[in-house]
Each structure stands twice: as structure tokens, then as C-alpha cells.
Amino acid sequence: MILTRKLILPAALIFAIFLAGLFIYFFTSLHDAYHEAEENDLADLSNSFYAEIEHQQQLALSLATTAADNPAIQEAFASRDEKKLSALAAPGFSMLQDAGIPITQNRYHLPDGSTFFSANEPVATSEIPSHAILKANSEQKSVAGLEVQDGALVIRGVAPINYEGNHVGSVEFQIGLTPAMLQEMEERYGADWRILLLKDFITSASTAEEGPTDDLRVISRTEGATLFNTPESYQQALSGAMSITHPSQAGRDYALQSSPIYDYSGQIIGVLDIVYDHTHISASQNTRLVLAAAASTLVLILGLLALFLLIRRTLQPIQVLTRAASEISEGNQMAYVNLKPESDEIGILIDAFNRMTSQLRGSITDLEQRVAERTHDLEEQSNRLRLAAEISQSSLSVKRLDELLERSARLIYERFNYYHVGIFLIDSEKKYASLVASPTEAGRQMLDSRHRIKIGESNTVGRVAATGEPRIATGAALDNASGNNPLLPDTRAELALPLKVEERVIGILDIHSASPQAFKPEDVSVMLVLADQLASAIERTRLLEESTNTLNELERAYGRITRTGWQKFVNSGRIRNKGYRFDNIRLEPLGQLSASGFEALQKGDTVLSNGNGTNQEVAIPIKFRGQTIGVVHAKLREGYGENAISTLELAVDRLASSLESARLYEEARVRADREQAISQITSAISSSSDYETILRTTVREIGHALTETEVGIQILGDLTQAGPGEEKN
């Protein structure tokens, strides 16, 4: 079930992402298509408006051109005959109005732009000439287009009038851009229209409405055009670009297009707004999106359900395999997948699993057997290591080399149950390896015969002593050894291990076994460790013995020096009294030892005895460097015990060191005095170079140095010719 979830969740996620992407693509495509169609419709509406303006421009220009080309009108206008001109123009103007053409002006202008005649209203003398009229008169060519007049947007058509080759003025036809025209376009195209002019073109008398910005005013609109565009959109339109937004108001959706309005000269004078209500289209689009979302959700649910059933049916054999694997992991080696394998991958997996379980049962049985064997080997190896550790531990307490060798050989022989064990040591000349320890009967015979093997011989011990590498000899190798020992007839395998200290071979551990397969690799590794520890113990014990012997020699030498020094010091006569006695009242010299003191002096140990009465006498030798140099004798009153004697012994030890220091100081002082006297004599002798003076000075200085001594000096010639009392010059 877990595997089903692991498979279906990513599949469901991918499927959902795919449907979401498809829905987003459908929504985006539908939305883009809708807006593209809407923008095209708005562009068509805008083009229709400008086409209508163009049509009105052409109409106004055509009427102006027709009037300007009429000879009668040319003649009447050239002669400035207002009545004739009225008779010619007024009927045509009335006829056009009766025909429904929205002509608002028909006027004739002089070359300076002033109005000479108007067919529909009196002439205002103060009226400022239009720019289009001035342009037509100055350039003497027709002009048509939009122009602002008195705050209103009009369509002018102006044509110049020439009579007999002279320019006499111009004729103007004007069509008003009225709300009726916008209402007609609303009825025709189904959109609301609004015209906004720049504030600069609006007069104070105009009835224009407030615009969406400070720069614009509404001059004409349909009734439904109440929704304004954004200020940015109007700024964009005044810059010459079209802008479309999609605002909403009162629950309805709109499309609002703002586009620039140009006059006859190409100048932007305002903005045209087209407001299109597309609520029904948005509702239709939303309905399509809801249906698409519902269809996508239904497809997702059905797809996931089908995917779940398919995956579950496909993975059912894997669930059976999982249960079987769990049973095997819990110890049931008889687990088996009872399914008919098919030809697909899962069928191959089932077949392989059944074969694997069969092999696993056989492997487990074999592994258990091997584990048992390995456990037995490990137990034996552990036992060998334990025995080796015991042997090494027992050798630590041994202080003598011969005892260490004998004990180690015996323990190896007894604990490992070998046929023969021997320990060889290499002599100082590195020529022979001599047997020094063996617990067997054959080993004792070889020890009695001082058995030794020359280093480098072809036998096992000789080769190991020469190479420093362990060696095992069995079978033919053992029979061919020149040193094969007749005292060991039952030997079937021999192991010789070097006893090495810092890569220096000091001996060989020779082991014999009656079994040809006795020395396995694990046995050799244990014995190598034991040989290294034995070599370290031998070297340590040997160094300990050498150090002990050296220390004893030093102590004996220091003892002799100390004894000789005290004998010379006592015999020198520099000691006035050899001892003192204190009886708690007075201190007096002591010249004779007591019996217990003499005994302590002879034995060198403390002597306890009972004196005359209950007092206990103790005599403690004064010893320094093992030499007795004096005795302290004390008579203890009743109540003094071992603590007092111990205190006296400690004090005597300090006394011995102090006496030795005093003696050494005295000898050093005497030696210094002697050296000073010799230096004085030498200085006095060296102060003169005269022969007689040197002799006299020498005799005098020696006499001064040796008081109360007669000193003589004489230089002799041939000693063989002078007898006693004779002089020889």
C-alpha cells in the first residue's frame, strides 16, 4: 500500500499539473482571443468614426468646390453683388437642409478671411477668420478637415474662388459634429461615444462638461457614455497613441478605447472615447471557463481512480513479495511466493525471489556451520592469547635471568602442550646460539652437554639466528636439516621464532610438536607476540642484573673509599676526642666503647640489651654508604619503647650524613691549606733567578711551612762516588 501511494501521488501530481497547465493555456488562449477580437471590434468602431468624419469632409469639400466652380457665383462674388449671391446660394443651402444633410454654415469669405456673405445667418463683423479659411485664401487651394469653432467641433470644406484668373475669395461649407451624429453611430454600432476637446479650445460661452482631467472637456457624448478612462490612457491618447482598458462598473464589464482626434492640419485637438459593454461576452467566457474547470476536475478524478486501480492490480504481486520478505527477515526461512509468474518484469522478480529464498536457506545452513567453526577457532585463538598473556605476566615478577628463562620455557611447554621447548641465547661474539633453558628430559641432557648451534647452519635454529625471520620446518624440510636432533625422535614439526630487541636478534625460541599440522597461521601469530614479549623480558632482566651488579660494585667502591677516608681522618690526629658522653648534667669525652656498642660496631645493626637494673640499653651503628664509622649508645629509662628507638635511628642517619660532610669539609680545608703552602713556596722560589738564593729560599720556606722541623737541601754530583757523610762537588 505504501508503494501504491508512492507511485500514485507523483502520478496524480503530474496529472494535476498537466490539467492545470492545460486549463491555464485554455483560459489564456480564450482570454487573449476575446481581447484580441474585442480590440479589433473597437478598432473597427474607431475606423468607422473616422471614416464618417472623412465622408463628411469629402461632402463639405465637394459642396465648396461645386460652388466655387459655378460661373454665376464667381461673377456675383467677384462683383460683390450680395443680392445675386444670396439668390444663387440660399436655395441650394435650403435644399441641402431639407435633404437631411447636416450643413450648419455656407459662407463666402473675402481674400483677407473676413466673411462677405452667409447663406444661413447674418454676418458678424467682429468674427475672427478661421485658420482653414486663411490657409485656403493664402495658398489658393482647397482645405477640408476638423476645426474647433466657438468651443464646438466642426467639419469645414473651403475652396478658393477665382474669376477671370483673379482670386476673389473663398466659399465655405460647414458640417456640425452634433450629438445626433453620435446617437446615430450608437444605434448603428451598439457602443457609446464621447468627444473630448482640449481645454485651450473651449470658450467661456461653451456648454462643455467637466472632463476626466484638467486638460480635457466633454463637448459631445451619447447618453450611456458616463464611464471615463484612466488619466494615463488620456495622456497616451494626447501623445498620439490609442489606449484600451477594461473597467467594471455596477456589476457590468466594459471595454473603453481612447484615441486622438486630429484637425485639418494634423494637430491633436482632443480625444475620442468609445465605451463598449461586453458583459454578455464576459459571462459567456466565464461559463466556458467553469465548464472547462469542471471537466478538468472530473477527468482528474476519473484518471486518478483508474490509475489507482491499475497500480494496485499491477503491484499486488509486489505486496505478496513484501510479506514474504518480511517473514524471511523475522526468521521464517520457509517463506515462499505462491503466485504464477508471468512473462513481465514482476513475474521474473517472483521467480528470482523464489530461487533466492531456496539459495538463502542453503546459505544460512552453511553460514551457521561456518559461524560455529569460526567461533570454535576464535575460542581457541582467545585461549592461546590468554595463555600467552599469563606467561608474559608471570615473567614480570622474575628478577633473575636464569629463573626467567626456566619459568618461561616450562610455562610454554605445559600450557600449550608441545613436544619440546627450548630457549637459545646468542653469545656476545655473534657466533653461536647456546641452549639456556628447556623443561624436557632431552632439553636437560642438551643443557648438561652445553648444546649450542653455530649461527648460519642449515638447521632451523641456525637459519633463524642468521636471518631474524621465523621459520617452520615440517616433512622433508625437517628431515633434510643437518642439525636434526636424535634426542627428539618424535618431532614432526618445528617452529623457530627470533627473540628480537630493536631489530637485534638476542635469541631463538625453539618449539617442537609431534603433530605435522601443529603450527597454523593463528598459532604462529600468537607465538610471535609471545616471543616479542619474552625477548623484552629477557632484555629487561639482563639490564636489571647488569644495573644491580654495577650498583653493587659502586656501593662497594664508595664503601671502600668511605672506610679508607675515615681511617685516614681518625689516624691523622686532627680529632682531639673520638667520642662524647652526656648524662643529662655534663658533657665529657668518651674514650672506650661499651660492650653493646662494640657489638653494634661489629655487627653493623642496632643492639638492644638490659643494663644494670631495669634500664634498657640500645647501641645504634653510625653507617654511611654501608660502612660503620661509629656507634651511638643510649640508656633508656623505663617507658621508652620502639618509637624512641626509631627516632634515634632516624637521628643517627642524619648524624652519619653530617659527619661525612664535616669530614669532607675538613679534608677540603687541609687540601686547600696544602695547596696554599705549596703556592707560597713556589712563588718565593720563582721570585729569584740566582742559584744560591733559590736554595736558601727553598730551605727557609719549607722550614716555615713545617714548624719545628729540620730541613736540609743538597745538590749532589755522582751518587756512586759519594758515601754517607761525604760531599761531592
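Glu-494 is buried (under 20% relative accessible area; exposed is over 50%, partly exposed in between, with a 1.4 Å probe and protein chains only), yet Glu-494 has no salt bridge. The nearest side chain of opposite charge, Arg-471, is 7.9 Å away. Here Lys and Arg count as positive and Asp and Glu as negative, while His and the chain ends are not counted. A salt bridge is a side-chain nitrogen of Lys or Arg within 4 Å of a carboxyl oxygen of Asp or Glu.

This is a predicted model: local features need pLDDT of at least 70, side-chain atom pairs count only at pLDDT 80 or more, and totals for chains, interfaces and linings use all residues. Residues are numbered from 1 along each chain as its sequence is written, and side-chain values use heavy atoms, with hydrogens and water left out.

Glu-494 sits in strand S17. Helices (H or I, at least four residues) and strands (E, at least two) are DSSP runs, numbered from the N terminus. What does the side chain of Glu-494 contact? The Glu-494 side chain makes a polar contact with the side chain of His-512, at 3.5 Å. A polar contact is a pair of N or O atoms within 3.5 Å; within protein, one must be able to donate a hydrogen and the other to accept it, and residues adjacent in sequence count only if both atoms are side-chain atoms.

**Salt bridges**

The structure holds 16 salt bridges.

| Pair | N to O distance |
|---|---|
| Arg-188 and Glu-52 | 3.8 Å |
| Glu-147 and Arg-156 | 2.6 Å |
| Glu-403 and Arg-407 | 3.5 Å |

Take Arg-188 and Glu-52, which meet in a salt bridge. Arg-188 lies in helix H5 (residues 179-189) and Glu-52 in helix H1 (residues 2-68), so the pair ties together parts that are 136 residues apart in sequence. Arg-188 is partly exposed, at 43% relative accessible area. Glu-52 is buried, at 17%.

Glu-147 and Arg-156 are both buried. They also belong to a network of salt bridges that links Arg-107, Glu-147, Arg-156 and Glu-172.

Glu-403 and Arg-407 share helix H9 (residues 401-416). They are four residues apart, about one turn of the helix. Glu-403 is partly exposed, with a relative accessible area of 35%. Arg-407 is partly exposed too, at 24%.

**Positive phi angles**

Asn-417 is not a glycine, but has a positive phi of about 60°. Asn-417 lies in the loop between H9 and strand S13 (420-426). Asn-417 counts as exposed, at 68% relative accessibility.

Glu-503 also has a positive phi, about 65°, and is not a glycine. Its loop runs between strand S17 (493-501) and strand S18 (504-513). Is Glu-503 buried or exposed? At 71% relative accessibility, Glu-503 counts as exposed.

**A charged patch**

Which residues form a negative surface patch? They are Glu-75, Asp-81, Glu-82 and Glu-164. Patches are made of residues with over 30% relative accessible area and no salt bridge; like charges are joined within 9 Å, and nonpolar side chains (Val, Leu, Ile, Met, Phe, Trp, Tyr) within 5 Å. The place of a charge is taken as NZ of Lys, CZ of Arg, CG of Asp or CD of Glu. Accessible areas come from the Shrake-Rupley method with a 1.4 Å probe; for residues, only the protein chains shown count as cover. Glu-82 lies in helix H3 (residues 82-98). Glu-82 is partly exposed, at 43% relative accessible area.
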